[in-house]
Amino acid sequence: MALVYQHLKPSGEVFYIGIGISKKRAYSKYGRNKHWSNTVNKYGYEVQILTNNIDYEFAKEIEKNLISYYGRKDFKKGKLVNMTDGGQGYLNMNLEERLKRKVRLTNYNKNIKDYSFTQDENYKLNMRKSCLGKNNKKIIDIETKMIFKSMREASEFKKINYTILSGMLNNKKINKTNLRWLN
């Protein structure tokens, strides 16, 4: 079984058509081309599942037709950032092609990690709160008596790397600042 999806800019403009065998692919940023990444970095994106639980061969046909309908940007015939006319699909690749693609995508995405589709909303909310300073220990500058709500706020204000500041406040590095945990 397969699905066909499209990615849209917040304005509602379609910029990518894709197929996958699970919804996970529709939401993943892994293995996308540089034009897709540039568009997402500039505008963000929304996912819209067009069809679900259909035959894989039928999904490839729908993908080809939609790419043809909207047109590809690289041929100056449309606005899609797709790099192929569609219908190739990962499942149809022979083993050699799959391995080449896997190596190419791994090398391209070495430093990119996308966990956004695997974490539940509660986890994301808690992580967001911790970065914004809610429920965090406060920090004080003992010289100026300035109080910061969080380590993130202190590191940004003092222009100190967050990880280095964390090490200094937690006695893992020599503290060269006037910052201390507020009890």
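Which residue takes a positive phi in the hairpin of β1 and β2? Hi everyone, let's start with that one. The residue is G12, with a phi near 100°, and the hairpin has five residues between its strands. Before I go on, please keep in mind that this is a predicted model.

Let's stay with β1 for a moment. This strand covers residues 2-8, and seven of its seven residues are buried, so the rest of the structure largely encloses it. In a regular strand, side chains alternate between the two faces of the sheet. You can follow that in β1: A2, V4, Q6 and L8 point one way, while L3, Y5 and H7 point the other way, and all are buried.

Now for the partners of β1. Strand β2, residues 14-20, runs antiparallel to β1 and is joined to it by six bridges. Strand β3, residues 46-54, also pairs with β1 in the antiparallel sense, over six bridges.

Next, helix α2, which spans residues 34-43. Here W36, S37, T39 and V40 are buried. They cover an arc of only 165° around the axis, so they sit on the same side of α2. Over on the other side of the helix, K34, N41 and K42 are exposed.

Just after the helix comes G44, which takes a positive phi of about 85°.

W36 also brings us to the aromatic rings. How many aromatic pairs does the count come to? The total is four. In one of them, the rings of W36 and Y45 have centres 5.2 Å apart and planes at 70°; an angle over 60 degrees counts as edge-to-face, so that is how this pair is classed. W36 is buried, at 2% relative accessible area, whereas Y45 is partly exposed at 21%. Then there are Y69 and Y70, with ring centres 5.1 Å apart and planes at 80°, so this pair is edge-to-face too. Y69 is exposed, with a relative accessible area of 67%, and Y70 is partly exposed at 31%.

Is R72 buried or exposed? It is buried: its relative accessible area is 7%, and the cut-off for buried is under 20%. A polar atom of the R72 side chain lies 3.3 Å from the backbone oxygen of N82. Leaving aside neighbours within four places in sequence, the residues in contact with R72 include I67, L80, M83 and D85.

Three strands form an open sheet in the order β5-β4-β6, with antiparallel pairing. Its edge strands are β5 (147-148) and β6 (179-181), each of which pairs on one side only. Strand β4, residues 139-141, pairs with β5 over two bridges, and I139 stands opposite F148 in β5.

Between β4 and β5 there is a loop, and K145 lies in it. K145 is not a glycine, yet it has a positive phi of about 65°. With 57% relative accessibility, K145 counts as exposed. K159 gives us another case: its phi is positive, about 55°, and it is not a glycine either. You'll find K159 in the loop between α6 (151-158) and α7 (162-169). K159 counts as exposed as well, at 75% relative accessibility.

K137 is over the face of W181, 4.6 Å from the ring centre. R152 is over the face of Y162, and there the distance to the ring centre is 4.0 Å.

Notes: Residues numbered from 1 in each chain as written. Heavy atoms only, no water. Pairing = 2+ DSSP bridges. Helix = DSSP H or I, 4+ residues; strand = E, 2+ residues; numbered from the N terminus. Phe/Tyr/Trp six-rings, centres within 6.5 Å; stacked < 30°, edge-to-face > 60°. Buried < 20%, exposed > 50% of the residue type's maximum accessible area, 1.4 Å probe, protein only. Lys NZ or Arg CZ within 6 Å of the ring centre and 35° of its normal. Polar contact = N/O pair within 3.5 Å; in protein donor to acceptor, adjacent residues only side chain to side chain. Contact = heavy atoms within 4.5 Å. Arc of directions from axis to C-beta.
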